Amino acid sequence: MTELIHALRTPSADPGTGQVQIGDAVSRVDGRDKVTGQARYAAEYVPDATEAGLLYGVVVSGAIARGHIKAIDTDAALAVPGVVDVIWHHNRPKIRSFDIFYKDMTAPGGSPYRPLYDNEVHYSGQPVALVVAETFEAARYAAALVRVEYDVQPHETYLLEHQGRAHKPSRLKAGYTPPPDVKGHPDEVWDKAAVKVEASYYSGVEHHNPLEMFATTVIHGADGHLTIYDKTQSSQNSRWYVSHVFGLSKDKVTVRNPYVGGAFGSGLRPQYQLPLAVMAALKLERSVRVVLTRQQMFTFGHRPETQQRLKLSANADGTLTSIVHEAVAETSRYEDYVEVVVNWSGELYACEHIRLGYKIVDLDHASPMDMRAPGAAHGVHALEVAMDELSYALNMDPLALRLKNYAEIDPTHGLPYSTKELRECYLQGAQRFGWENRPLEPGTMREGRELIGWGMATGMWDAMQMFARASAVLHADGSLVVSSAASDIGTGTYTAMSIIAAEAMGLPLEKVRFQLGDSTLPVAPIEGGSSHVATVGSAVAGVCEKLQKTVFKRAKDMPGSPLATARLADVEFVDGVIRLRNIPGTSVPLTQILAGIEEPLEEKYLMLPNMLKQMKYQRATHSAVFVEVRVDPEFGTVRVTRVVSAVAAGRIINAKTARSQIIGGVVWGIGQALHEETQCDHRLGRFMNHNLSEYHVSVNADIHDIDVIFVKEDDRIVSRIGAKGVGEIGQVGVSAAVCNAIYHATGQRVRSTPMTPEKVMQA
């Protein structure tokens, strides 16, 4: 295949960045490329000038929620000048039929959706055809001319009307753990309890809406090789999917995702534009680009509609005596999408009697999919609002209630925590916020026409580690290139990995380049679950440790070396030299060690989690969130004016991007609390507010002061570098803290999200 005009760029730090250490606040090494437009995203690659021009595909979306396609009339579309083909299930290229070939690395149990496979319609908005043309404008116009005749069948899309047929789900989803067995006798204890609360909590559908739309550009090489630029959270997962669906050798497919404009879980699974673009490229033997519209971004997975019921009881002194937490969530007709929703209630607080339950209902929607802090965003919200309700039933400060029931060991499994600095999160967050000045009685703080409320909540998320490989190449000029097929969806992966490598080898940051976003690089897991730094970062640390040994051996063997009798433990790599610890004058520059080498020094490393060690501990990140709201009681409008988020997430690799991650999570938590919900017209079975005008997200005017505290923590059980992860924990607990602050302001409880003005007024 001929070379592409625009080769894959891998950013390096700007000159002058200098020496860095883990924990420093470092600007993104890819920042300059992004702000100057040098960074290229999935829809910005073009074929080599010697190859045929790029074709453009536009998806035709289905108009019914359930039924079958009787016929498709493509004549008018094909008559449009520049239109090359209209691909649908009757004329698509051959694809495999068995479910197993469509199961990507994160697929839940069931039968994955197969785009353009047959005439069955599973949900409103599913792709029914792809119009391919020489220009995007021709394809878009022709797509509007395609006429589809349907055999319509009755559909069901409203969770609350169909809870009666809820069922236990399949367990076959990576990362899913079903609720544990009942502990003690929670129902009997609750019945006899001195103080108890019971309530139901509803959460509506949310859609991801990253800034970059889902897009795939397939460059069809002269030799048939497909180079695919895809919006994905794993180039290797997309390659896996394409290779299996189309029966292609993995040597014939390369997937790249060097830059991803946000994903938040929506890119964990391959979305349908990927197979449609490949279909067109294979059938027409041309390069093809397919970009979804903003409206079509609402036609695949979403955070599922969920209904929860919680019962808590306590002694008069605030000691929890029972927890009962049950949840029912939606899934599609064809897959059992699952989340860990209720398990958090068995892990956050000490309690001897716990019962947890989780079921799903099959509906005529697309399969839901992971959205930032999946399961915890809903489950911890309900638990933390219920805990707030219990605190008022006890006439007890909400923070005091949580400290009273602080779990020193995992209540469900009886395991110690690898590290747990949640108590310090409570204390530092409360002090920064000024929680000691909070009056216990609701509705007692006011300024002008606005009621003021203070609320708080706990956050918790898993501290996960997968397996990964990394390679490192040290050149004679002292520059280092480290590689792994990781992804950076805006979280700062490029920078974090560069910092780890630079510190390990004692190099200035501008001498280090980290390569990611290419399926041909050493294997890396999907970027999700806040596991990337603990996983890929540990692989980078491991390969650099091997490289240290190789370089040190060369230094020892040099004639007249001052390190000839030293051990590796006696030296340190710093400022571009190897030197004896505490003896600054005894050093050898790396460039001197590497002088004259014919080939760069290269090492490879496979990072495998120490499961035997890790399984003996409960591993999690924790946070304490404190929120101030101001409520206009006449209009029901809520302003979140102040947030303090204190986070214990292990060792922080880059203080600047980690803080940015927490701020982003807090902003989304405010959106979950007050703004975001996708409305379905159940008569049509269709999401209606499918744009950024009617689907409300938090904007600048909604966001005020957000203060982030990183509580000191170093967890060598979770990862060799002491890090956990910060992607998810920033959002967990925020919506509950907002809800609790609204109650403190008004004395009225809102038990469904989003807490829009009409709900606040009606409460």
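Student: In which strand is S587 placed?

Tutor: The model is a predicted one. In it, S587 belongs to strand β24, which covers residues 587-589.

Student: Is S587 buried, partly exposed or exposed?

Tutor: The general idea is to compare the relative accessible area with two cut-offs: a residue is buried under 20% and exposed over 50%, with partly exposed in between. S587 has a relative accessible area of 28%, so this residue is partly exposed.

Student: Which residues does S587 touch, leaving aside those up to four places away in sequence?

Tutor: With that exclusion, S587 touches P562, V577, I578 and R579. S587 and V574 are 13 residues apart in sequence, and their C-alpha atoms are 9.7 Å apart in space.

Student: How exposed are E156 and R165?

Tutor: E156 has 26% relative accessibility and therefore counts as partly exposed. R165 has a relative accessible area of 31%, so R165 is partly exposed as well.

Student: What parts of the chain does the pair D388 and R749 tie together?

Tutor: The closest N and O atoms of the salt bridge between D388 and R749 are 2.9 Å apart. D388 lies in helix α7 (residues 376-393), while R749 lies in the loop between α15 (734-746) and β31 (752-753), so the pair ties together parts that are 361 residues apart in sequence. Both D388 and R749 are buried.

Student: Where do E408 and R423 lie?

Tutor: E408 and R423 form a salt bridge in which the closest N and O atoms are 2.6 Å apart. This pair links distant parts of the chain, 15 residues apart: E408 is in the loop between α8 (398-404) and α9 (422-433), and R423 is in helix α9. E408 counts as exposed because its relative accessibility is 55%, whereas R423, at 33%, counts as partly exposed.

Student: Which residues are linked in a network of salt bridges?

Tutor: Salt bridges may also be read as a group. In this model, D187, E198, R309, K311, E326 and R355 are linked in such a network.

Notes
Residues are numbered from 1 along each chain as its sequence is written. This is a predicted model: local features need pLDDT of at least 70, side-chain atom pairs count only at pLDDT 80 or more; totals for chains, interfaces and linings use all residues. Side-chain values use heavy atoms; hydrogens and water are left out. Helices (H or I, at least four residues) and strands (E, at least two) are DSSP runs, numbered from the N terminus. Buried means under 20% relative accessible area, exposed over 50%, partly exposed in between (1.4 Å probe, protein chains only). Contact means heavy atoms within 4.5 Å. A salt bridge is a side-chain nitrogen of Lys or Arg within 4 Å of a carboxyl oxygen of Asp or Glu.
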